[in-house]
Amino acid sequence: MSRLQTRFAELKEQNRAALVTFITAGDPGYSTSLDILKGLPEAGADVIELGMPFTDPMADGPAIQLANIRALGNGQNLVKTLKMVREFRQDNTTTPLVLMGYFNPIHYYGVDKFIADAKEAGVDGLIVVDLPPEHNEDLCHPAQAAGIDFIRLTTPTTDDQRLPTVLNGSSGFVYYVSVAGVTGAGAATLDHVEEAVARLRRHTDLPVSIGFGIRTPEHAASIARLADGVVVGSALIDKIAEATSSADAVQSVLGLCRQLAEGVRNAR
């Protein structure tokens, strides 16, 4: 079993959802970002999504766009992001880590080299926002052949006719984008989320994680009662943007992570 399968299976036995945290690699700088990354599991993160900085992150709202700008401005690139994963894996061999981003940097790096290097570094899964299932052979199939899960995004506008195509070849978990819009946008109603999770479960046995617009421990807890995973990104990134120092950034992000984890763990 992969690290993702193992983690979701363990949490299912404990009857609780996963807290999935997102940060952008290299934000606000390499060493601070690595300190945050290394601290997330102890602060309660069950799965980590690590953003691959890109100049044009079209699915992301202002908070994550600014995180990308900060990271790129400090020299972060895909080579350094994979180095960060390797350094994380020196101390942690159990927490699933998923790289999230866009195809352009991977294409530039070289798909075959990227897959080999990501696998060697300890990457468990990929979320590539702008690569639809019609292009599975470009990255999804070779990544899965190497043992890296390929996680699909589904949205409120993904209808029942389209869903089987989107889910075909998906692995790891399904990421349900709960609002039609960018990251950090308004939140969906719980009725909508409950209905969406039920619909997805008619189409797949994979765990369903909900993201976009989840900012507080209370909101995370309410989603954790309905889904297998709760994804929080912009709220954590905001803590980095507001921080007055590197130490403050680490402390603030991990502090919010602990609060979110408590909410998720006490939800059911």
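Is serine 171 buried or exposed? Before you answer, remember that this is a predicted model. Now select serine 171: its relative accessibility is 13%, so it counts as buried, since the cut-off for that is under 20%. To find your bearings, look for the loop that runs between helix 8 (163-167) and strand 7 (174-177), because that is where serine 171 sits.

Keep serine 171 selected and show side chains. Its side chain makes a polar contact of 3.0 Å with the side chain of glutamine 144. Another polar contact, of 2.9 Å, links the side chains of serine 171 and aspartate 149.

Next stop: a pair of helices. Select residues 78-91, which form helix 4, and residues 111-121, which form helix 6. How far apart are their axes, and at what angle do the two helices pack? The axes lie 8 Å apart, and the angle is about 25°. Angles under 35 degrees count as roughly parallel, so helix 4 is roughly parallel to helix 6.

Now colour the residues that make this contact. On helix 4, pick Leu78, Leu82, Val85, Arg86 and Arg89. On helix 6, pick Phe114, Asp117, Ala118, Glu120 and Ala121. Sort them by class and you get six nonpolar residues, four charged ones and no polar ones.

Head over to arginine 16. You'll find arginine 16 in the loop between helix 1 (3-13) and strand 1 (18-24). Its relative accessibility is 12%, so arginine 16 counts as buried too. What does its side chain pair up with? Show glutamine 14: a polar contact of 3.4 Å joins the side chains of arginine 16 and glutamine 14. Leaving out neighbours within four places in sequence, the residues in contact with arginine 16 are Leu11, Asp46, Arg265 and Arg268.

Last stop: cysteines. A disulfide is a covalent bond between the sulfur atoms of two cysteines.

Definitions and conventions:
Residues are numbered from 1 along each chain as its sequence is written. This is a predicted model: local features need pLDDT of at least 70, side-chain atom pairs count only at pLDDT 80 or more; totals for chains, interfaces and linings use all residues. Side-chain values use heavy atoms; hydrogens and water are left out. Helices (H or I, at least four residues) and strands (E, at least two) are DSSP runs, numbered from the N terminus. Buried means under 20% relative accessible area, exposed over 50%, partly exposed in between (1.4 Å probe, protein chains only). A polar contact is a pair of N or O atoms within 3.5 Å; within protein, one must be able to donate a hydrogen and the other to accept it, and residues adjacent in sequence count only if both atoms are side-chain atoms. Axes are lines fitted to C-alpha atoms, for helices over the stretch in contact, and angles run from 0 to 180 degrees between N-to-C directions. Angles under 35 degrees count as roughly parallel, over 145 as roughly antiparallel, 65 to 115 as roughly perpendicular and the rest as oblique. Contact means heavy atoms within 4.5 Å. Ala, Val, Leu, Ile, Met, Phe, Trp, Tyr, Cys and Pro count as nonpolar, Asp, Glu, Lys and Arg as charged, and the others, Gly among them, as polar.
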